[in-house]
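Please look through the sequence and the structure shown here before reading on. The text after them goes from one part of the chain to another.

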Amino acid sequence: EWESAFRRSKWFTRGWTLQELLAPRSVEFFSQRHKRLGDKDSLRLQIHAITGIPERALEGEPLSHFSVNDRLSWMEKRQTKYEEDKVYSLLGIFGVYISPFYGEGMARALTRLQDEIKKLEECTRDLYVTDPRRDKARIEETKGGLLEESYHWILQNPSFLHWRNNPQSRLLWIKGDPGKGKTMLLCGIINELSKSTAKTTLLSYFFNQATDSRINSATAVLRGLLFMLINQQPVLISHLRKKHDQTGKALFEDANAWVVLCEIFTDILQDSTLDNVYFFIDALDECVKDLEKLLAFIVQKLSLSPRVKWILTSRNYANIEQRLRLDSSGARLSLELKENAAQVSRAVDAYINHRLTELEQIQHDQSLQSLVREKMQQKANGTFLWVSLVMKELKDAQPWEVVQVLEEVPTELTDVYRQMMGHIKQLKRRNPELCRQILSTVVTAHRPLHLQELSVLADLPDQGSNVEQTTVAMVNMCGSFLTLQKDH
């Protein structure tokens with residue numbers, strides 16, 4: 001009975017009510033007789049039909065995820081008493097500010113708004129060093145996808161639950177030996193928290209990678225974390241704009257970049273408008289430059305805001321543990337502890353079951369599958385990396401060779417690498433020398449090489465017109481030491 005009147009309500013045609021609709025976490029609607037009709041969530045289909053505003057925006061997705069033109073279009077059918085107000089009422093929608101100047105006309109006001117939006121976009125672009133969301137997607141794809149059974153155990157782990165539920169617990173350090181699945185564990189935690197926390201909770205993360213000079217320094221970590229924060233809560237960019245408007249891109253790249261970024265980060269942590277934030281930093285041991293400064297900064301800022309929590313991962317490095325100075329506000333979760341090691345081992349078993357579906361040569365032999373599964377579980381020693389390396393060896397084996405290959409593969413990672421190098425040395429003709437040229441070139445390079453670059457730098461034999469295809473074949477001779485991604 002009320003829906004047709006609801007659709008005709010003038011409230012949906014006024015300019016300033018756009019902010020009244022989008023800014024609050026909850027908006028409730030009542031009839032003239034004070035009967036509750038619903039809220040922004042339960043009525044989002046009707047509101048979307050009336051206003052054209054996407055349901056995702058009504059559900060609380062950051063408005064920065066929508067294009068400038070999309071957000072401008074939400075105002076098209078709305079009216080204001082003063083024409084300039086059609087622009088001024090959009091300031092919060094774009095996370096910018098201009099002083100109101102009634103009488104300047106809508107065109108002039110719109111030009112000033114667009115100038116501010118352009119400055120905001122320039123600041124965000126200059127801050128950018130990497131998009132951690134893309135890094136996360138790349139990592140998951142490279143490792144064969146994120147398997148829920150491989151990380152779900154940590155969600156019930158006492159140390160994790162204490163970190164999540166206790167307001168005084170601000171830091172959790174997850175440490176473990178190489179190949180224990182720390183990175184995928186963190187990816188799983190991020191996914192679960194993004195689903196289970198309030199839409200207003202911000203998740204900001206960074207994945208260090210020692211072999212990539214873009215993302216292996218303390219400065220890069222802070223830039224990546226800030227980039228994700230501002231994408232989710234654009235109003236925070238005002239802390240960067242104060243300095244960026246004066247100096248431009250050099251703000252993030254000159255000799256003083258670390259000092260300036262620390263100041264900006266501290267200001268943001270103290271901002272009263274900052275929502276609850278979870279920060280995640282993976283592979284601290286792969287932060288090659290200024291790791292000590294980064295750890296000192298994190299420790300100093302732990303007590304700054306009760307709304308901020310951190311999860312860090314690294315290998316079992318004593319210098320990291322020493323500098324974190326874990327006390328009542330922080331805790332460690334060691335993947336080598338007996339109870340955690342058992343969970344990791346079960347997770348590795350689930351990973352083995354998942355990866356065995358890739359071995360086409362044994363899919364029709366249940367007994368062989370069971371034998372392979374049993375042997376892999378016995379030798380994996382709770383190490384995801386061991387399973388990943390061995391799977392590459394098994395994929396090239398004939399059905400009758402699979403068990404023999406498994407018997408020969410050592411259980412220790414160092415021994416696995418030594419065996420892989422031994423296989424290369426046994427290659428016929430000039431192949432061992434070609435592999436040596438390729439591997440030594442890749443080890444020396446400061447970034448991943450394109451196949452054509454590798455061909456030139458490693459001085460590979462003349463390959464005619466099909467350079468890339470032949471180089472791929474040579475790279476594959478190097479076994480599991482190298483991974484190809486989009487011709488690199």
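The paragraphs below cover a helix, a group of strands and some aromatic rings.

This is a predicted model, in which local features need pLDDT of at least 70 and side-chain atom pairs count only at pLDDT 80 or more, while totals for chains, interfaces and linings use all residues. Residues are numbered from 1 along each chain as its sequence is written, and side-chain values use heavy atoms, with hydrogens and water left out.

Begin with helix 3, which spans residues 44–51. Helices (H or I, at least four residues) and strands (E, at least two) are DSSP runs, numbered from the N terminus. Buried means under 20% relative accessible area, exposed over 50%, and partly exposed in between, with a 1.4 Å probe and protein chains only. In helix 3, Gln46, Ile47 and Thr51 are buried. These residues lie on the same side of helix 3, because they cover an arc of only 110° around the axis; the arc is that of the directions from the helix axis to the C-beta atoms. An α-helix has 3.6 residues a turn, so residues three or four places apart point the same way. Leu45 and Ala49, on the other side of helix 3, are exposed. The cover over the buried residues of helix 3 includes helix 1 (3–7), helix 2 (17–22), strand 1 (28–30) and helix 4 (55–58). Gly52 follows helix 3 and has a positive phi, near 80°.

Strand 1 contains Glu28. Glu28 counts as partly exposed, at 45% relative accessibility. Contact means heavy atoms within 4.5 Å. Apart from neighbours within four places in sequence, Glu28 is in contact with Arg36, Gly38 and Asp39. From Glu28 to Pro54 the separation is 26 residues in sequence and 18 Å in space, C-alpha to C-alpha.

How many of the residues of strand 5 are buried? Six of the six are, so strand 5 is largely enclosed by the rest of the structure. In a regular strand the side chains alternate between the two faces of the sheet. From strand 5, Val277, Phe279 and Ile281 point one way, and Tyr278, Phe280 and Asp282 point the other way. Two strands pair if DSSP finds at least two bridges between them. Strand 5 pairs with strand 4 (residues 202–207) in the parallel sense over six bridges, and Ser204 stands opposite Phe279. Strand 5 also runs parallel to strand 6 (residues 308–314), joined by five bridges; Tyr278 has Lys309 of strand 6 as its bridge partner. Between strand 5 and strand 6 the chain passes through helix 15, and this β-α-β crossover is right-handed. Right-handed means that, with the strands pointing away from the viewer, the path from the first strand over the helix to the second runs clockwise.

Strand 6 is also largely enclosed by the rest of the structure, because seven of its seven residues are buried. Val308, Trp310, Leu312 and Ser314 are on one side of strand 6, and Lys309, Ile311 and Thr313 are on the other. Strand 6 pairs with strand 3 (residues 171–175) in the parallel sense over five bridges, with Ile174 opposite Thr313. The charged end of Lys309 sits over the ring of Trp163, 5.7 Å from its centre. A charge sits over a ring if NZ of Lys or CZ of Arg is within 6 Å of the ring centre and within 35 degrees of the ring normal.

The aromatic rings come last. Rings of Phe, Tyr and Trp (its six-membered ring) pair if their centres lie within 6.5 Å; planes under 30 degrees apart count as stacked, over 60 as edge-to-face and the rest as tilted. The count by this rule is 20 aromatic pairs. Trp258 and Phe297 form an edge-to-face pair, because their ring centres are 6.1 Å apart and their planes are at 70°. This pair links distant parts of the chain, with Trp258 in helix 14 (residues 257–269) and Phe297 in helix 15 (residues 291–301), 39 residues apart. Trp258 and Phe297 are both buried.
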